[in-house]
Amino acid sequence: MKSERGIILFIVMVLLSGSAMIGMAALQSSLVDERLAGNFRVSVQAQMTAESTLAALLASDNATERDRYLSTLLDGEDALAVGESRTLRGTEVEALLREGALDQFFSKLLPPNYDELNAEEQTAVRAQLIDSVEMMFERLDDNRVAVAAVDQGLRLGAQGQSRLVFSRDSRVLRSALFNSALVGCSGVQTKGGSTISSYRSTQGEWSGQPGRFAEQDIPLVRTMSEGASMVLGGNEQIHGGIEALGSVELNGSFQVFGTILANRSIYLNAEGGRVKGNALSLEDIVFGNGVRVDSVVSAMQDVHLDRSASIGKGIYAARDIRTIRNPASDHIDQAYRANFSSRSNIVLNGIEAQPCDTADFAGNSLSDEIQRYQRELTSQGDISVATYPDIEWHFTPQAIARYDSAGDVNRWVSHAAPQANTLFSEPVAIYRVGHLRLIGSPSLRVSGGDVVIVVDGDFAMGGGSGLTIDNDSSLTVFVAGRIDVGNVLNMSESKSLNQQGKPTFSLFSSYSGTDIGVNFNSSTRVIANVYAPYANVSVNLEDDFFGSIRGRSIQVSGKGSIVYDELLMGAFGGAGGNASGGSGGTVGWHLAEWQ
């Protein structure tokens, strides 16, 4: 009996030892997982710091100082030799950027107890964040400079790096043709609850969340002509800011993630609407029921507040602040109620009017360029894709081919050859046709490179197999007539830019009639960049639209999303980070590559 008890004790001790070893192993594994998760988090933060630094460098506010500094690296006594580099650190980086450019991002990296620190300790924490940032400039050749931003990593030694390349161009630079999601030169109207957002296609598919336009408070929707107004019909989400030379009227449960700036009055009519940035008007700001502005409300005339209006950080008016609440400062969050002033000396910089057609085709406007093509190129006649027997078509830079399905043929037939010409002063092969229509159940594939077509008449795309553009190719269409786009299928894998960084599908319209010149009416995913400065544009979507739209006026309806790829800023030679317009002159810098 005693022997059996000894065996039982031995077995129990073995089991306890095994359990302890398993428990220790699990504890060690949990500690490792925790450290891995922490390391991954701080490495992501470091990478975001580096990318945020480059985004600040690209901002239009920094263009003059940035371009001046880049020029010193190529010219003068301090110029770099090819292959040499120069590094700026900490406050030197901050000095190159506009004042406070990194504050918004660094605020997310502050320790949880930052507000409890005294002023000296807070200054030390911020200085430590700034000192971790480096910017290295390397001369690649006679006209290119690579810029790498590095966060040396205060958090567990993590390091992040992002790199871009600037190129100095001695030709006349073009304006950024696709610099916002929506540019309605004389006005923008939306209704139906659409979302307008941004993302970077190099970082994966759009997640549905706000992108850098929201983070950097850059306008996603803008007007450009004197008095041009904007009306959001209801429940829209704008993942960025709004700029209008006329008034801005917001209805329904809207959300604007950036700042609203209007040369005329702002009407916040919605119930439950929200502006996460500032509301700034050169005239009045009028609140409806239950509207919230998270930051500052500032008007160069009056501010009219509904009883339930809520403001985060301050109210300023050059004339009166009108409300039935007493005191009126109760509309402001408790911590900021001292930021309240009427009859104050407010000066807001309004938005300057610009021409709607800012493109420079080697000295020509868009309309002039299409007319030049019509003079210099021979028309191949009308093309109707899907008209029997030619149901399938194939466009390449070398030829247009059609599949003749007639009983006695049943083979691919060469239809047209391109003609040599130029686009933005660069040699290119171009097709010129009369009307180009995809009707019935068409199938049109673009492959083999960049295809350019000039359409004298109308360009229409219906349903069926639709339009397919290979990832290594692009389609650029200049249209003198109307554009009508229905359900365009087989674009589910396409992105706004192809593998070579060129816009996948671009439509340039010179149509100037008073009716609708460009019409999108699609229930499927669309990829397109539309430049129609003289045309009224209508967009009715039930699915996502990836790209950019510029028109004389723009009307958006439906619940689909309009999603802007931030890499489009550099498309067609535009200044990569110039969110507000273009570049000009005979010598200048533009973004050539972002890695």
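Guide: Start with polar contacts. A polar contact is a pair of N or O atoms within 3.5 Å; within protein, one must be able to donate a hydrogen and the other to accept it, and residues adjacent in sequence count only if both atoms are side-chain atoms. Here, the side chain of Arg139 reaches the backbone oxygen of Leu80 at 2.7 Å.

Visitor: What kind of model is this?

Guide: This is a predicted model: local features need pLDDT of at least 70, side-chain atom pairs count only at pLDDT 80 or more, and totals for chains, interfaces and linings use all residues. Residues are numbered from 1 along each chain as its sequence is written, and side-chain values use heavy atoms, with hydrogens and water left out.

Visitor: Is Arg139 buried or exposed?

Guide: Buried means under 20% relative accessible area, exposed over 50%, partly exposed in between (1.4 Å probe, protein chains only). Arg139 counts as buried because its relative accessibility is 10%. Across the chain, buried residues make up 52% of the 595 residues.

Visitor: Where does Arg139 sit, and which residues is Arg139 in contact with?

Guide: Helices (H or I, at least four residues) and strands (E, at least two) are DSSP runs, numbered from the N terminus. Arg139 lies in strand E2 (residues 133–139). Contact means heavy atoms within 4.5 Å. Beyond four places in sequence, the contacts of Arg139 include Leu73, Leu74, Leu80, Glu84 and Arg144.

Visitor: How many helices and strands does the chain have?

Guide: The chain has seven helices and 44 strands. Two strands pair if DSSP finds at least two bridges between them.

Visitor: How do strands E27 and E33 run?

Guide: Strand E27 (residues 390–395) and strand E33 (residues 443–446) are parallel, joined by four bridges. Phe395 has Val446 as its bridge partner in E33.

Visitor: Which residues have the most contacts inside the largest nonpolar core?

Guide: A nonpolar core is a set of buried Ala, Val, Leu, Ile, Met, Phe, Trp, Tyr and Cys residues joined through side-chain atoms within 4.5 Å. The largest has 102 residues, and Leu268, Phe287, Phe459, Phe478, Phe505 and Phe520 have the most contacts inside it. Strand E41 (residues 526–541) gives this core its largest share, nine residues. A second, separate core has 23 residues, among them Leu57, Leu58, Leu164 and Trp589.
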